[in-house]
Amino acid sequence: MSDNYKILIIDDEEVVLDSCTEILRGSQYKLATASNGSLGLEMIEEFQPDLVFVDLKMPGMPGLEVLERVRAYDATIVTVVITGFATIGSAVDAMKRGAHDFLPKPFTPDEFRLIIRRALEKRKLILETLALRKEKEMLRANFAAIVSHELKSPLSAVQQNLFVLTSELSGQISSDQLVRLERMKFRIAELLELIRTWLRVISADIETIKENFEEIDIEPLIYTAIESVNSQATRKDIELHVHLDQPLSHVTGDSGTLTEVLVNILNNAVKYSYPGSEVRTEAFNQDGEVVISISDQGIGISDEDLPHIFSDFYSGKQGHQEEKGYGLGLALCSRIIEIHDGSITVESEPGKGSTFRVWLPTCPNESQANEPAIAGFSSSQLEGEL
Amino acid sequence: MSEHKRLLMIDDDPDFVSGIRSILEGAGYKVDVAYNPKDGFEMLESNPPDLLLLDIMMGRGAEGVMLARKIGKDPVLREVPILIITGIREQIAFLFPGEPVHPGFVPTDEILEKPVDPDFLLGRVSALIESSEKRKVEVK
């Protein structure tokens with residue numbers, strides 16, 4: 001333990017102050033004393049103690065008030081109350097109000113030293129926690145810069161060249177070689193996407209998506225999302241059904257991140273579906289909100305996992321190893337939806353499937369809802385076809 | 001029309017540059033490259049291109065952002081459209097807390113995230129050049 005801890009003792013009894021000074025003489029601690037509450041509080045500012053002893057029964061400012069003011073000044077200062085046997089009850093009171101411990105009078109030098117040691121251990125822990133918290137904040141702030149440079153830059157450079165090589169070499173290489181190039185692109189794209197997701201969840205600045213908010217039609221986003229899981233669904237022989245109310249109300253939001261949410265949920269739905277089953281996407285207007293519901297007939301989520309699936313880094317205990325996610329997707333989804341003032345819910349039954357629902361508030365100056373959708377095809381055309 | 005257009009790319013990652021350069025040259029653009037902000041600014045001043053492709057995160061810092069701000073203050077150079085190519089879309093907001101994701105350094109600019117899809121890149125390059133030329137006609 002570091003040597004130069006500072007201890008302040010506030011007590012009106014000179015005997016107590018003197019004996020404490022005597023006990024700590026020659027120790028590594030720096031000691032200061034004050035004979036009443038007001039003097040003690042003045043000393044706190046100039047002495048900056050790590051630990052403060054406060055006598056509960058003093059003339060002038062009562063001990064409990066001194067205690068509260070110390071905590072208000074700096075809650076990381078550890079406080080211990082000094083009390084007579086008759087006032088054990090008020091010692092308990094004091095501890096309820098944040099005092100770390102109490103020292104009953106009369107006390108032996110050993111008892112005094114022990115309480116000091118324990119209180120300073122507490123102080124050390126508090127300071128360490130603070131330092132760690134600060135470090136975490138700094139890491140968070142620097143994360144974007146580190147990620148972009150050390151991880152993302154080299155990957156982006158590789159990917160950029162693969163993009164070009166694929167087109168430059170087409171016609172000169174065999175179709176098998178071309179497929180391998182495409183696979184490389186795909187794998188790197190996945191890795192880039194993973195980094196992006198981590199970055200966004202970890203960064204506190206995800207709120208910046210609010211800058212891109214505009215009035216949007218959800219329908220094309222739903223079709224984009226479905227399109228992106230289409231090939232995966234085909235491979236597993238999963239049918240994708242879509243049914244959207246016509247017309248869907250517009251919402252205020254950022255189409256990029258909302259699409260990300262839908263892709264994420266649909267991806268999970270397909271990933272956790274049994275082959276040959278179906279995934280159903282529905283959307284409708286309800287009480288000033290647009291509801292998007294995505295249901296699968298897959299493995300479902302256990303009751304144990306269900307409350308945690310929107311938490312950071314949570315990946316279900318159930319399910320096969322190869323189906324494990326990165327545990328960040330749904331946490332990110334729920335944050336994105338929160339920023340849109342919406343909500344996301346899940347219902348699930350193990351072995352039967354899950355239904356995710358996203359609620360988004362309708363755009364306040366909703367006016368274009370009756371215009372035809374931009375997507376260019378109607379939902380009836382697509383119903384059951386994808 | 002693209003064969004008459006001259007582009008300047010300022011980026012310190014030679015591998016990334018070669019990937020982008022190949023796309024642009026394949027489409028008939030002439031592409032000059034500077035691998036650091038200092039050379040880049042000199043080339044920009046001595047012979048302003050039709051479009052600047054700028055990496056905002058060069059070396060260890062945000063030298064590209066400083067360069068973009070400097071260009072924004074120059075009455076002549078600020079008319080050059082800029083395609084900002086960044087490792088992370090939110091980079092500027094991360095580096096300068098409180099700044100928007102896309103502060104708009106010059107009248108015509110846009111942010112793209114690395115890596116860039118070739119067709120998308122070509123589409124944005126020609127759109128930016130076009131809108132900056134339109135702006136020049138309007139100003140005159």
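**View 1. Two strands of chain B run side by side.** Strand β1 (residues 6-10) of chain B pairs with strand β2 (residues 30-34) of chain B in the parallel sense, over five bridges; pairing calls for at least two DSSP bridges between two strands. Look for B:Ile10, which stands opposite B:Ala34 in β2(B). To get from β1(B) to β2(B), the chain passes through helix α1 (residues 14-26) of chain B, in a right-handed β-α-β crossover. Right-handed means that, with the strands pointing away from the viewer, the path from the first strand over the helix to the second runs clockwise.

This is a predicted model: local features need pLDDT of at least 70 and side-chain atom pairs count only at pLDDT 80 or more, while totals for chains, interfaces and linings use all residues. Residues are numbered from 1 along each chain as its sequence is written, and chains are lettered from A and ligands numbered from 1 in the order in which they are written.

**View 2. Chain B as a whole.** You'll find five helices and five strands here (DSSP runs: H or I of at least four residues for helices, E of at least two for strands, numbered from the N terminus). Along the sequence they follow β-α-β-α-β-α-β-α-β-α.

**View 3. Around A:Ile222.** Leaving out residues up to four places away in sequence, A:Ile222 touches A:Leu244, A:Leu262, A:Thr281, A:Ala283 and A:Ile292. Touching, or contact, means C-beta atoms, placed from the backbone, within 7 Å.

Key. Contact = placed C-beta atoms within 7 Å.
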